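Let's take a look at a protein chain and get to know one of its helices.

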Amino acid sequence: MNSNNVMASLEAMLFAAGDPVDPAKLAEVLDIDVENVIKILGHLEAMYDERGGGLRLIRVDGKYQLCTREEYSDDVRSLLEIKKNTPLSQAAFEVLAIVAYNKTVTRSFIEQIRGVDCSGPVSSLVQKGLIEEKGRLDLPGRPLVYGTTDRFLRCFSLNSLEDLPDLPEEEKKDDSQTSLFEDDNPDNDTEKKEDE
């Protein structure tokens with residue numbers, strides 16, 4: 001199978017799949033090396049960008065997906081009669097940030113940081129497919145652990161969670177996750193730097 005046929009086959013599979021696909025799975029189907037698949041997908045991605053049409057190839061956490069370009073989203077919604085989702089509340093954005101920056105968290109961890117009940121925002125984010133259950137902790141009560149989804153990465157145009165912007169310096173602290181989003185004494189960092 002020549003490279004043009006491989007590219008056409010990859011394009012067809014990605015179109016049919018709809019969701020992000022691991023290049024290893026594509027390589028397995030075509031019986032070729034993963035490196036070759038990734039290289040050809042790179043050519044396909046460049047081809048879509050150069051053409052400037054309604055489709056583009058994106059990478060989501062190491063997986064590949066065909067999708068429509070953002071500038072045509074209103075037309076696509078109108079055709080499919082998809083109502084625009086209600087915007088996220090401030091509480092939902094805060095919960096989403098806590099989950100994203102901590103990779104996986106329990107609801108009680110989120111509530112400890114925010115200081116209020118978070119069952120509503122957590123449930124809303126799960127329904128919107130931005131976070132999902134990732135399992136249970138081996139602790140009393142077996143609490144659920146939540147993490148972000150591929151849809152979260154797509155919505156925020158991220159390849160992986162590593163692409164998240166850095167937190168402001170005063171909100172970083174090495175010894176405790178719970179202080180990621182709170183700062184009891186903003187002068188502490190300055191005093192530490194002056195002591196050093």
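## Starting with helix H1

Keep in mind that this is a predicted model. Helix H1 covers residues 3-17, and because each of its 15 residues is counted at 1.5 Å, the helix should span 21 Å; its end C-alpha atoms do sit 21 Å apart, which agrees.

So which residues of H1 are buried? They are Val6, Met7, Leu10 and Leu14. Look down the axis of H1 and these buried residues fall within an arc of 100 degrees, so they line one face of the helix.

What do the buried residues of H1 pack against? Here are the partners:

| Partner of the buried residues of H1 | Residues |
|---|---|
| helix H2 | 23-30 |
| helix H3 | 34-51 |
| strand E1 | 55-60 |
| strand E2 | 63-68 |

## Zooming out

The chain has nine helices and five strands. Reading from the N terminus, the order is α-α-α-β-β-α-α-β-α-α-β-β-α-α. There are 196 residues in the chain, and 31% of them count as buried. As for the accessible surface, it comes to about 12800 Å², with 47% belonging to carbon and sulfur atoms. Finally, among contacts in the chain with a separation of 6 or more, 46% are between residues 24 or more positions apart.

Key: Residues are numbered from 1 along each chain as its sequence is written. This is a predicted model: local features need pLDDT of at least 70, side-chain atom pairs count only at pLDDT 80 or more; totals for chains, interfaces and linings use all residues. Side-chain values use heavy atoms; hydrogens and water are left out. Helices (H or I, at least four residues) and strands (E, at least two) are DSSP runs, numbered from the N terminus. Buried means under 20% relative accessible area, exposed over 50%, partly exposed in between (1.4 Å probe, protein chains only). Contact means heavy atoms within 4.5 Å. Accessible areas come from the Shrake-Rupley method with a 1.4 Å probe; for residues, only the protein chains shown count as cover. The expected span of a helix is 1.5 Å times one less than its number of residues. The arc is that of the directions from the helix axis to the C-beta atoms.
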